[in-house]
Amino acid sequence: MNVRSSLKLRAERPPPAPDKVHKAKILIVDDDERNLLALTEVLDSLAEVVTATSGRDALRALLREDFAVILLDVFMPEMDGYETAGFIRERDQTARIPIIFLSAVNKETEHLMRGYAMGAVDYVFKPVDALVLHSKAAVFVDLYKLRREIEERNRAEIVLQEAKFRAEEQRLEIERELQATRLRQAAILNSLPVVLFEATYSEKDGLRRRVVGGDRSALSGDAAAWLRDDEARWEDQILAEDRPAVASEYAKPCGKGDRASVRYRWATADGPPLYLLEQAVRVDDRAWVGSITDVTAQSLLENQLLQAQKLDALGQLTGGVAHDFNNLLAAVLGGIQLLARRTNLDQSQQAILDQMREAVDQGIALVKSLLAFARKQPLSPTSIDPETLRKSVMGLVDHALDTTFPVDWTVTAEDHAFFADPSQLTLVLLNLIINARDAMPGGGTISIVIDRPSEPSTSADGLRIVVADEGPGIPAEILDKVTEPFFTTKPPGKGTGLGLSMAAGFAEQSGGKLLISAPPNGGTRVEIKLPARRVDCDEDL
Ligand SMILES: Nc1ncnc2c1ncn2[C@@H]1O[C@H](COP(=O)(O)OP(=O)(O)OP(=O)(O)O)[C@@H](O)[C@H]1O
Ligand SMILES: [Mg+2]
């Protein structure tokens with residue numbers, strides 16, 4: 001049993017009532033009622049007196065109660081004083097109660113010795129001297145009271161110690177629980193894929209955020225470092241167009257909106273801006289707590305989806321108009337041809353008719369581009385090997401490019417042939433080369449690579465053409481607009497804005513894909529993936 005549980009056991013015993021402890025009792029045993037009366041008279045003032053007229057009565061009383069001292073008559077019928085004393089000493093609970101023998105005779109040493117051997121502490125001879133008896137009994141009563149007081153104090157001390165011990169245990173337990181809760185909460189907060197902040201708002205400085213938890217690495221790139229190093233300048237990195245939305249979200253009067261939720265773009269040092277979602281709760285007039293989540297990936301996907309939906313809607317519209325327009329142009333062309341055949345025209349009239357036919361031809365070319373963008377162009381796919389493609393493209397562009405624009409062809413997939421409409425593919429490459437030329441007014445190399453992408457998993461991965469230039473590249477903010485029809489940055493009359501849109505439409509209609517990117521070392525890189533076949537086995541890849 002350990003110390004604590006033994007203490008507990010003792011403490012669980014109810015402490016004795018104070019009156020029981022201090023009220024000493026004296027047991028007087030005598031078969032003579034008169035003696036009992038007289039002795040009671042003498043000792044009454046000392047303690048409560050309990051009387052017994054026989055040894056048996058005395059033992060019974062001892063079973064019930066505790067006594068400071070026993071006055072025991074030696075000569076009694078049935079069980080005499082010695083025998084009674086013998087029983088008293090045998091029982092653990094009573095063995096230490098002092099016994100004073102009362103005897104009228106037997107002052108001889110032999111009897112006295114027997115009495116002491118049976119546990120007597122004293123002898124008083126009858127007739128009893130009241131003063132002597134009183135003083136002798138008083139010694140034992142005092143001793144008894146003293147002993148009881150000490151016992152009581154010990155017991156009280158143990159109870160006190162136990163209570164202190166329990167209180168300390170409870171305090172430690174609460175502290176342990178508190179610590180565990182704190183650690184658990186910190187672990188949860190730090191593993192959240194968001195950054196948690198506290199902030200104060202003022203109109204002058206905007207929101208001053210201070211990171212208090214979360215996982216900073218949830219913000220990509222330098223945003224995490226910024227939050228750590230210079231939180232005051234966080235606001236400066238928010239793109240200018242998005243700042244008013246952020247400001248108005250936090251400037252709401254207290255009570256009008258205790259929650260703020262705003263998505264903004266945050267400029268990074270060396271890449272496109274991050275899209276961050278900031279959500280906060282107002283805790284008092286100027287203080288907020290909140291979280292920042294990097295939603296760049298979702299936002300880019302959303303933008304792509306919107307762009308795709310927009311192009312799709314545009315494609316349907318353009319396709320319908322272009323189709324009808326094509327029929328109208330065919331009628332105009334038919335009319336011009338009829339007129340040219342039937343009438344004798346003079347030279348100037350013939351020139352007018354030629355201009356009209358040229359305009360209609362341009363109209364037809366425009367309609368073709370629109371149909372290509374709308375993926376409604378009638379296509380006749382067939383095998384075209386890279387070398388044939390190179391020759392037909394170079395035959396067309398040679399006159400449009402002077403020596404300041406060398407075209408550098410690299411073909412690493414001679415054993416494959418594109419499976420696409422050859423004249424449309426040629427036209428697309430023509431458009432890309434012209435774009436590259438226009439991007440480099442001072443001249444520069446246009447490089448064209450035809451190869452097989454490393455994982456030919458789908459037929460769209462069959463063959464790849466990459467057209468790259470050394471121009472300034474396409475600015476990030478217009479990158480997803482350049483494939484929209486009629487989007488051009490060229491001056492009026494110089495570009496229709498249909499080149500890239502028809503190229504993208506053609507790639508998709510052919511079962512491939514067009515990707516435009518800005519290589520890190522500058523320039524523009526347009527990549528077209530198209531289905532292809534192996535030249536020797538003539539099988540789709
Ligand atoms: N190689 C390039 N380098 C830089 N910007 C380019 C490049 N290619 C295209 N662009 C940009 O994309 C815009 C759209 O190109 P697209 O080919 O669709 O139309 P365009 O060249 O302006 O007109 P069109 O091709 O119909 O004559 C261009 O106006 C230009 O701003
Ligand atoms: Mg173009």
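Contact here means heavy atoms within 4.5 Å. All the views below come from a predicted model, where local features need pLDDT of at least 70, side-chain atom pairs count only at pLDDT 80 or more, and totals for chains, interfaces and linings use all residues. Residues are numbered from 1 along each chain as its sequence is written, chains are lettered from A and ligands numbered from 1 in the order in which they are written, and side-chain values use heavy atoms, with hydrogens and water left out.

**Figure 1. Cys 254 and what it touches.** Cys 254 sits in the loop between helix H9 (243–250) and strand E8 (259–266); helices (H or I, at least four residues) and strands (E, at least two) are DSSP runs, numbered from the N terminus. Leaving out residues up to four places away in sequence, Cys 254 touches Arg 282 and Asp 285. Arg 282 is 28 residues from Cys 254 in sequence, yet their C-alpha atoms are 8.2 Å apart in space. With 49% relative accessibility, Cys 254 counts as partly exposed. For that label, buried means under 20% relative accessible area, exposed means over 50%, and partly exposed is in between (1.4 Å probe, protein chains only).

**Figure 2. The whole protein, for orientation.** There are 14 helices and 18 strands in the protein. Its radius of gyration is 56 Å, well over the 24 Å that the globule rule gives for 541 residues, so the protein is more spread out than a compact globule. That radius is taken over C-alpha atoms, and the rule is 2.2 Å times the number of residues to the power 0.38. Along the principal axes, the C-alpha atoms fill a box of roughly 180 × 65 × 40 Å. The protein is split into domain 1 (3–159), domain 2 (195–294), domain 3 (300–373) and domain 4 (382–534), with bounds from an automatic or database domain assignment. The centres of domain 1 and domain 4, taken over C-alpha atoms, are 122 Å apart. Of the 541 residues, 38% count as buried. Among contacts with a separation of 6 or more, 60% come from residues 24 or more positions apart. The protein exposes about 31,000 Å², with carbon and sulfur atoms supplying 55% of it; accessible areas come from the Shrake-Rupley method with a 1.4 Å probe, and for residues only the protein chains shown count as cover.

**Figure 3. Helix H14 and its surroundings.** Nine of the eleven residues of helix H14 (residues 499–509) are buried, so the helix is largely enclosed by the rest of the structure. The buried residues are Gly 499, Leu 500, Ser 501, Met 502, Ala 503, Ala 504, Gly 505, Phe 506 and Ala 507. They pack against helix H11 (347–373), strand E13 (416–420), helix H13 (422–439), strand E16 (513–517) and strand E17 (525–530). Just after H14 comes Gly 511, with a positive phi of about 90°.

Figure 4. Side chains of opposite charge can pair when their charged atoms come close. A salt bridge here is a side-chain nitrogen of Lys or Arg within 4 Å of a carboxyl oxygen of Asp or Glu, and a search of the whole structure turns up 33 of them. In one of these pairs, the side chains of Glu 162 and Arg 166 meet at 3.0 Å, N to O. Both lie in helix H7 (residues 130–191), four residues apart, or about one turn of the helix. Glu 162 is buried at 1% relative accessible area, whereas Arg 166 is partly exposed at 38%. Arg 171 also bridges to Glu 168, with the closest N and O atoms 3.0 Å apart. Arg 171 is partly exposed at 40%, and so is Glu 168 at 37%.

Figure 5. Arg 357 and Asp 354 form a salt bridge whose closest N and O atoms are 3.5 Å apart. The two lie in helix H11, three residues apart, about one turn of the helix. Arg 357 is partly exposed at 26%, as is Asp 354 at 35%. Elsewhere, Asp 66, Arg 147, Arg 148, Glu 151 and Arg 155 are linked in a network of salt bridges.

Figure 6. Leu 317, Val 321, Phe 325 and Leu 328 make up a nonpolar patch on the surface, together giving about 410 Å² of accessible area. Patches are built from residues with over 30% relative accessible area and no salt bridge, joining like charges within 9 Å and nonpolar side chains (Val, Leu, Ile, Met, Phe, Trp, Tyr) within 5 Å. Phe 325 belongs to helix H10 (residues 296–342) and is partly exposed, at 39% relative accessible area.
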